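Dear colleague,

Please find the structure below, handed over for your records.

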Amino acid sequence: MAFISSGYNPEKPMEGRITDIGPRHFTEFLPPVLAKNKGAWDYHEILEPGVLLHVALSGDKVYTVRCGGARLMSITHIREICDIADKYCGGHLRFTTRNNIEFMVGSLDEAKALKADLNGRKFSGGSHKFPVGGTGAGVTNIVHTQGWVHCHTPATDASGTVKATMDVVFEEFQNMRLPAPVRISMACCLNMCGAVHASDIAILGIHRKPPIIDHENLDNVCEVPLAVAACPTGAIRPTKIEYQGKQVNTVAVKQERCMFCGNCYTMCPAMPLSDKDGDGIAIMVGGKISNRITKPSFSKVVVPFIPNEPPRWPSMTKVIKQILDAYSADAHKYERLGDWANRIGWERFFEKCGLEFTAHLIDDFRDPAYYTWRQTTQFKF
């Protein structure tokens, strides 16, 4: 009633609405040809790596040039992207869910000129600013989490590992010569603010040690009940100990229950989780979201631990290159990485990729949801 007395009309909720809450509606930013043909497209095809053609039922055509972007960008970099969009696309562009940038133009000649311009822009060190590619049967951009730049619970870096990996597989970003698309994802801890559990290749930061407890300062900087309640496995309990000759309120951690999630550190800065020797990377493979040919699947752990080796993570990138090369050489056309591993058998997968197998890698998790829930549109009667 208060809203109505102030002039709000529930029959016309947008009338006279003035707000700065949230972004403006995306339809305001669509290129005119996309707005005109929204929901009325006939087909699309990939003309060459990084260049797509969409044809509408009306006959209108849109040529899209896709280039790799970064999850974290400087203002000057964003301004350059906007300048490119102003020059070629009437100020329009879009970001994909994997941090690629797509510029849409009206003719093939414009697309080729734009592609040449993008590939010609480089940083002072010689690396590409806007490499064109990431389409079709190749490696597209790596989606990743925060890492050491911003997050407080990472087990490894995100931007650094992604940069090192993309440098190793960059040729596959620029080409479409793999058997099928390969999606590489990166999460810097098991909380996965960016999910990687359904990726062809997943880079996952893992903690192996419980939090370190700063008994001296914990009671001064933390609310003990909040730290206790933050633990999803009930591994933390309040306690009192003698510390430097005086009794202090603190907590104790039941190590066998700890799953290294870092929730306690979120609530209590006197319980840091990061550890130089305990933190590192696990490699998972074989997941996918697509329903094509086979149903969606979760990734499986194939390398349980690789130590952090900044700035280039050579051991990690070597393993990823081994897996990608073996898959490229042996898989059938249209066969995703997990489908290839299932066809040849996971024992052969480890042999062909030159990876060590241990009994701890056997996927023996079975929950009623695992085999009873429908996870696909592929029904069989």
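Which strands does α10 lie across, and at about what angle does α10 run to β11? The model is a predicted one, in which local features need pLDDT of at least 70, side-chain atom pairs count only at pLDDT 80 or more, and totals for chains, interfaces and linings use all residues. Residues are numbered from 1 along each chain as its sequence is written, and side-chain values use heavy atoms, with hydrogens and water left out.

To answer the question, α10 lies across β8, β11 and β12, and runs at about 10° to β11. Helices (H or I, at least four residues) and strands (E, at least two) are DSSP runs numbered from the N terminus. Axes are lines fitted to C-alpha atoms, for helices over the stretch in contact, and angles run from 0 to 180 degrees between N-to-C directions. Helix α12 (residues 346-353) also packs on this sheet, where α12 touches β11 and β12 (contact means heavy atoms within 4.5 Å), and its direction makes about 35° with that of β12.

The sheet in question is open and mixed, with five strands in the order β6-β7-β8-β11-β12; two strands pair if DSSP finds at least two bridges between them. Its edge strands are β6 (143-144) and β12 (300-307), each of which pairs on one side only. Strands β8 (residues 201-206) and β11 (residues 280-285) run antiparallel and are joined by six bridges, and Leu204 stands opposite Ala282 in β11.

A second open sheet has five strands in the order β1-β2-β3-β5-β4, with antiparallel pairing. Here β1 (41-48) and β4 (94-95) stand at the edges with a single partner strand each, so one side of each lacks a neighbour in the sheet. Six bridges join β1 to β2 (residues 51-56), and Trp41 stands opposite Ala56 in β2. Helix α4 (residues 108-120) packs on this sheet, touching β1, β2, β3 (61-68) and β5 (100-105), and its direction makes about 10° with that of β3.

Finally, the structure holds one disulfide (a pair of cysteine sulfur atoms within 2.5 Å). This bond joins Cys222 to Cys268, with an S to S distance of 2.0 Å, and the link is right-handed, with 80° about the S-S bond. The two cysteines are 46 residues apart and link distant parts of the chain: Cys222 is in the loop between α7 (215-221) and α8 (224-230), and Cys268 in the loop between α9 (263-267) and β11.

With kind regards
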